[in-house]
Amino acid sequence: MNHSPADRPDPDHRLTGAIDCDVHPAVPSTRVLLPYLDDYWREHILRRGLERENLELSAYPANAPINGRPDWHLPSGPPGSSLEALQSHILDRLHPSFAICNVLHGAQVMFSEDLSAGLCRGINNWIKAEWLDRDPRLRASIVVPVHSAELAAEEIHRMAPDHRFVQVLLLAMTELPLGRRQNWPIYQAAEQHNLPVGIHAGSSFRHPPSALGWPSYYLEDYVSQGQGFQAALNSLVSEGVFNKFPALKVVLIESGVTWLPASLWRLDKTWRGVRSEVPWLERQPTEVVREHVRLTLQPFDAPPTERQLLTLLEQLGSDRMLLFSTDYPHWHFDGDDALPLGLPADLIRKICLDNPLDTYPRLRT
Ligand code: ZN
């Protein structure tokens with residue numbers, strides 16, 4: 001939504017004290033991870049020359065405008081790779097009480113599960129030393145090798161004692177539908193440590209984002225991520241993940257929001273017809289999702305009018321599901337207007353503060 005300067009909400013006023021649930025520090029180069037790797041993996045990476053690659057997790061060119069707002073580009077390095085820039089662009093400007101760092105990196109999806117785990121350990125060590133230790137307003141998600149639930153759970157157990165890590169980060173589309181039993185060690189470890197699982201837009205980029213095959217354009221790829229989120233959510237609900245792990249919360253990060261009511265209507269209707277197939281699913285899927293699932297706000301695929309926005313919020317059926325986010329430094333054409341127009345004031349407070357605190361219990365400590 002683009003507003004004219006005259007009706008632009010005052011972010012300094014409305015967002016003060018908010019919790020920004022999605023910011024993206026970028027690893028500036030693989031070289032910076034070298035001091036944070038185990039000896040074995042440092043030697044391995046140097047021997048293979050992998051430090052010369054940036055190992056981006058992206059379907060589009062690194063310099064594409066959407067990768068960063070023009071005023072958030074840096075003199076050198078990828079957007080998001082400077083703590084000082086994050087401080088001046090977000091922390092000292094919008095004055096959030098916390099911002100949750102979600103590092104997106106090729107480490108998460110390597111074919112070699114061991115290399116993936118080695119690099120994820122390095123990234124978690126790096127974000128802790130270079131970002132969390134240098135600004136008390138920052139929190140982070142634990143980056144894990146998404147294709148090995150066993151190694152991912154190990155990394156969750158290793159990082160969980162540091163309560164500045166408030167979430168486990170997965171991607172919407174990986175080798176397996178997320179609800180499948182092979183992934184359950186991740187959910188078990190997350191639940192044990194009171195960590196929600198954040199599922200960010202993205203994939204291992206070796207499967208097309210649509211079941212129809214590979215798209216030609218980034219436009220198709222990005223919009224098709226919504227299908228990936230629907231499938232991931234259907235999988236988590238149908239496979240019984242929330243029955244097995246009743247304290248687990250899942251945060252859909254950068255999924256958009258407006259697809260959800262229609263998708264749940266379809267899920268509820270079909271469940272009523274074939275529920276004998278999934279007898280563990282004793283409650284209507286919508287009820288399960290409202291209890292366990294949260295969604296970050298940016299980029300918000302808002303309907304054209306405020307009246308339609310209010311209808312959509314009514315269809316969501318819960319004022320507890322939305323979480324404030326800027327998606328810094330990515331640029332999805334919302335400009336400075338991280339909050340859509342037309343949200344009631346009490347809902348803004350819930351989105352900015354109450355809902356994130358309920359979702360991320362570690363933020364209270
Ligand atoms: Zn994001």
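## The loop between β8 and α12

In this predicted model, D327 lies in the loop that runs between β8 and α12, where β8 covers residues 322–323 and α12 covers residues 345–359. Although D327 is not a glycine, its phi is positive, at about 60°. D327 counts as buried because its relative accessibility is 1%, and buried means under 20%.

P329 is found in this loop between β8 and α12 as well, and a cis peptide bond, with omega about 0°, joins Y328 to P329.

## A positive phi at N194

N194 is found in the loop between α6 (184–192) and β5 (197–203), and its phi, near 60°, is a positive value in a residue other than glycine. With a relative accessibility of 46%, N194 counts as partly exposed, since that class holds what falls between the 20% limit for buried and the 50% limit for exposed.

Q298 and P299 are joined by a cis peptide bond whose omega is about -10°. P299 lies in the loop between β7, which spans 293–296, and helix α11.

## The contact of α9 with α11

Helix α9, made up of residues 260–274, and helix α11, made up of residues 306–316, have axes that come within 9 Å of each other and cross at roughly 35°; the crossing is left-handed.

On the α9 side the contact involves L260, P261 and W265, which meet L312, Q315 and L316 in α11. Sorted by class, the residues of this contact are five nonpolar and one polar, with no charged residues.

Definitions and conventions: Residues are numbered from 1 along each chain as its sequence is written. This is a predicted model: local features need pLDDT of at least 70, side-chain atom pairs count only at pLDDT 80 or more; totals for chains, interfaces and linings use all residues. Side-chain values use heavy atoms; hydrogens and water are left out. Axes are lines fitted to C-alpha atoms, for helices over the stretch in contact, and angles run from 0 to 180 degrees between N-to-C directions. Helices (H or I, at least four residues) and strands (E, at least two) are DSSP runs, numbered from the N terminus. A crossing is left-handed if the near helix is turned anticlockwise from the far one by less than a right angle, and right-handed if clockwise. Contact means heavy atoms within 4.5 Å. Ala, Val, Leu, Ile, Met, Phe, Trp, Tyr, Cys and Pro count as nonpolar, Asp, Glu, Lys and Arg as charged, and the others, Gly among them, as polar. Buried means under 20% relative accessible area, exposed over 50%, partly exposed in between (1.4 Å probe, protein chains only).
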